[in-house]
Amino acid sequence: MIDPEDREQQADVTRRLLYFLNAPVADYCRLRGVLPAPGAVRIAIRAGDDENARDFLYEIPNDTVTPYYVPGLLRTVLTGPQLYSSSDVDEVMGMTLIRLRPEDITPDPEPEQGRALTAVQALSGPGDDEDSFLIGFLMHGDGLLRLYVQRTDRPGIIGADIRLTETPATALIASLPSLVEEEQYRRPAPDDPHCDLLADLTDW
């Protein structure tokens, strides 16, 4: 039985890694799965080309890193040489299990696409199909993301510009439905035919 907090962390890591089913985590490294373990999450990775591929299972303790940093942690481990003690290496289900110590690893910064994905996912949760708020997005400029939003109780589409920062803009995303209604952030959108107004939240 998994502790409720561990289950929540496990589910969050699983959601964040779904993207890597279609894109490599690092060169020649593909996601194979996300597995639950007591007090930890295990990430299955196939490393190498088809002929010389090997399967690894990286174990990350739940209490050492937030789910947001797991992809960066994996990129660091998969792109550079790492040393592990024999007590941190095992064999599970035909895969080499490696127990990571995140406190000793500096996660690679999240690339712009990953930061955009985090923001878009936060605004388009399950069950939003009938009451969608986010209806489009565009990465533009230097680290900027335009979110196209529309409230069901008001006409018009608003393009909200946010800055893609190194850490998730959780408070900004949570406040977005009310912020786009505030006059101080609104301005015309003459150069963007996809929205009626722009909300500049880049300095929020």
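Q: A polar contact is a pair of N or O atoms within 3.5 Å, one able to donate a hydrogen and the other to accept it. With which side chain does threonine 202 make a polar contact?
A: This is a predicted model, so every value here is computed from it. Threonine 202 sits in the segment after strand E10, which covers residues 197-200. Its side chain makes a polar contact at 2.6 Å, within the 3.5 Å cut-off. The partner is the side chain of aspartate 200.

Q: Is threonine 202 buried or exposed?
A: Away from its neighbours within four places in sequence, threonine 202 is in contact with Leu144, Asp161, Ile162 and Arg163. Its relative accessibility is 14%, and the limit for a buried residue is under 20%. Threonine 202 therefore counts as buried.

Q: Stepping back, how many helices and strands does the protein have?
A: Along the sequence, the pattern reads α-β-β-β-α-β-β-α-β-β-β-α-β-β. The C-alpha atoms fill a box of roughly 60 × 35 × 30 Å along the principal axes. The secondary structure comes to 4 helices and 10 strands.

Q: What share of the protein's 204 residues is buried?
A: Of the contacts with a separation of 6 or more, 48% are between residues 24 or more positions apart. To count as buried, a residue must have under 20% relative accessible area. Among the 204 residues, the buried share is 42%.

Q: What span should helix H1 have at 1.5 Å a residue?
A: Helix H1 runs over residues 4-17 and has 14 residues. The expected span is 1.5 Å times one less than the number of residues.

Q: Within what arc do the buried residues of H1 fall?
A: The buried residues in H1 are Asp6, Gln9, Gln10, Val13 and Leu17. An α-helix has 3.6 residues a turn, so residues three or four places apart point the same way. Seen down the axis of H1, the buried residues line one face of the helix, because they fall within an arc of 100°.

Q: Which exposed residues does H1 carry on the face turned away from its buried side?
A: The buried residues of H1 have cover that includes strand E1 (29-37), strand E2 (40-47) and helix H2 (70-79). Turned away from that buried side is a face that carries exposed residues. These are Pro4 and Glu8.

Q: Is the aromatic pair of phenylalanine 56 and tyrosine 58 stacked or edge-to-face?
A: The count of aromatic pairs comes to 2. In the pair formed by phenylalanine 56 and tyrosine 58, the ring centres are 6.1 Å apart and the planes are at 25°. Phenylalanine 56 is buried at 14% relative accessible area, and tyrosine 58 is buried at 6%. With planes under 30 degrees apart as the cut-off, the pair is stacked.

Q: Is the pair of tyrosine 68 and tyrosine 69 stacked or edge-to-face?
A: Tyrosine 68 is buried, with 8% relative accessible area, whereas tyrosine 69 is partly exposed at 34%. Their ring centres are 5.2 Å apart. Since the planes are at 85° and the cut-off is over 60, the pair is edge-to-face.

Q: How many disulfides does the structure hold?
A: Cysteine 29 is buried at 5% relative accessible area, and cysteine 195 is buried at 7%. A disulfide needs a pair of cysteine sulfur atoms within 2.5 Å. The number of disulfides is 0.

Q: What is the phi of tyrosine 28, roughly?
A: Tyrosine 28 lies in the loop between H1 and E1. With 63% relative accessibility, tyrosine 28 counts as exposed. Although tyrosine 28 is not a glycine, its phi is positive, at about 60°.

Q: What about methionine 93: what is its phi, roughly?
A: Methionine 93 is in the loop between strand E4 (89-92) and strand E5 (95-99). Its relative accessibility is 70%, so methionine 93 counts as exposed. Methionine 93 is not a glycine either, yet its phi is positive, at about 55°.

Q: How far apart in space are methionine 95 and leucine 57, C-alpha to C-alpha?
A: Methionine 95 is found in strand E5 and is buried, with a relative accessible area of 10%. Beyond its neighbours within four places in sequence, methionine 95 is in contact with Leu35, Ala44, Asp55, Phe56, Leu57 and Asp90. Methionine 95 and leucine 57 are 38 residues apart in sequence, and in space their C-alpha distance is 6.1 Å.

Terms used. Residues are numbered from 1 along each chain as its sequence is written. This is a predicted model: local features need pLDDT of at least 70, side-chain atom pairs count only at pLDDT 80 or more; totals for chains, interfaces and linings use all residues. Side-chain values use heavy atoms; hydrogens and water are left out. Helices (H or I, at least four residues) and strands (E, at least two) are DSSP runs, numbered from the N terminus. Buried means under 20% relative accessible area, exposed over 50%, partly exposed in between (1.4 Å probe, protein chains only). Contact means heavy atoms within 4.5 Å. Rings of Phe, Tyr and Trp (its six-membered ring) pair if their centres lie within 6.5 Å; planes under 30 degrees apart count as stacked, over 60 as edge-to-face and the rest as tilted. The arc is that of the directions from the helix axis to the C-beta atoms.
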